[in-house]
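Here are my notes on the charged side chains, jotted down for you to read alongside the picture. Have a look at the structure, then go through the points in order.

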Amino acid sequence: MNFEGLEMIAVLVVIVLFVKVLEQFGLLEATVEDSVEDELEMATVCHRPEGLEQLEAQTKFTKKELQILYRGFKNECPSGIVNEETFKEIYAQFFPQGDASTYAHFLFNAFDTDHNGSVSFEDFIQGLSVLLRGTIQDKLKWAFNLYDINKDGYVTKEEMLDIMKSIYDMMGKYTYPVLRDEAPRQHVEIFFQKMDKNKDGVVTIDEFIDTCQKDENIMKSMQLFENII
């Protein structure tokens, strides 16, 4: 596996897998039925999402698309929320050869924007909007949030290493033993030096985005995955 562009595996894996998640939830096969019926159904769950008009304004989905997405979400999550264990179960299905639990934990925290231990339909759809229809800069901001584990506005070398290790663990036999055990740390050392422009030991969101946008391999990877989805 080439180190070039590997720093974006996290967000790229997320994008592709969410297509699989949508299929599992039945969201890609749903049909739009009477909108009044959808509105009534939305009022019956334990957690009632924001009005469709508000979500339409906050995301890049149309009202009809939101109705389809909500119907599939409600069918799989009748309570209206998803917990961390559900994320882990989904990723375990896609990566049975590895251990996806740590990566699923980090991903869950990235979607759990209000940090209340659950992902609501609003959380889910706002993240999905960025991953599927956001600009490259939107996706890079989302990726930065994933790397910023403690959500203090900075990414440390240790945080980047934790994410990279979780990716290697998730890929399992598809990376080991081809890559040496020290490979994640070596990669992080190289890329962190490129990102930490002022050498203060942390990476800001501006440094992160600027470095990624100037990296030809990352941009090609981002455009390739946009074409796939």
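1. Asp210 counts as partly exposed because its relative accessibility is 26%, which falls between the 20% and 50% cut-offs. Keep in mind that this is a predicted model.

2. So who does Asp210 pair up with? Its salt-bridge partner is Lys197, with the closest N and O atoms 3.6 Å apart. This pair links distant parts of the chain: Asp210 sits in helix H11 (residues 205-213), while Lys197 is in the loop between helix H10 (183-195) and strand E4 (202-203), 13 residues apart. Lys197 is partly exposed too, as its relative accessible area is 43%.

3. Now hop over to helix H5 (residues 84-94), where you'll find both Lys88 and Glu84, four residues apart, or about one turn of the helix. Their side chains meet in a salt bridge at 3.4 Å, N to O. Lys88 also forms a salt bridge with Glu85, this one at 4.0 Å between the closest N and O atoms. Glu84, Glu85 and Lys88 are therefore linked in a network of salt bridges.

4. Buried or exposed: what about Glu159? Glu159, in helix H9 (residues 157-171), is buried yet has no salt bridge. Lys151 is the nearest side chain of opposite charge, and it is 7.7 Å away. Leaving out residues up to four places away in sequence, Glu159 touches Tyr147, Asp148, Ile149, Asn150 and Tyr154.

5. For the overall tally, a search of the whole structure finds nine salt bridges.

Conventions: Residues are numbered from 1 along each chain as its sequence is written. This is a predicted model: local features need pLDDT of at least 70, side-chain atom pairs count only at pLDDT 80 or more; totals for chains, interfaces and linings use all residues. Side-chain values use heavy atoms; hydrogens and water are left out. Helices (H or I, at least four residues) and strands (E, at least two) are DSSP runs, numbered from the N terminus. Buried means under 20% relative accessible area, exposed over 50%, partly exposed in between (1.4 Å probe, protein chains only). Lys and Arg count as positive and Asp and Glu as negative; His and the chain ends are not counted. Contact means heavy atoms within 4.5 Å.
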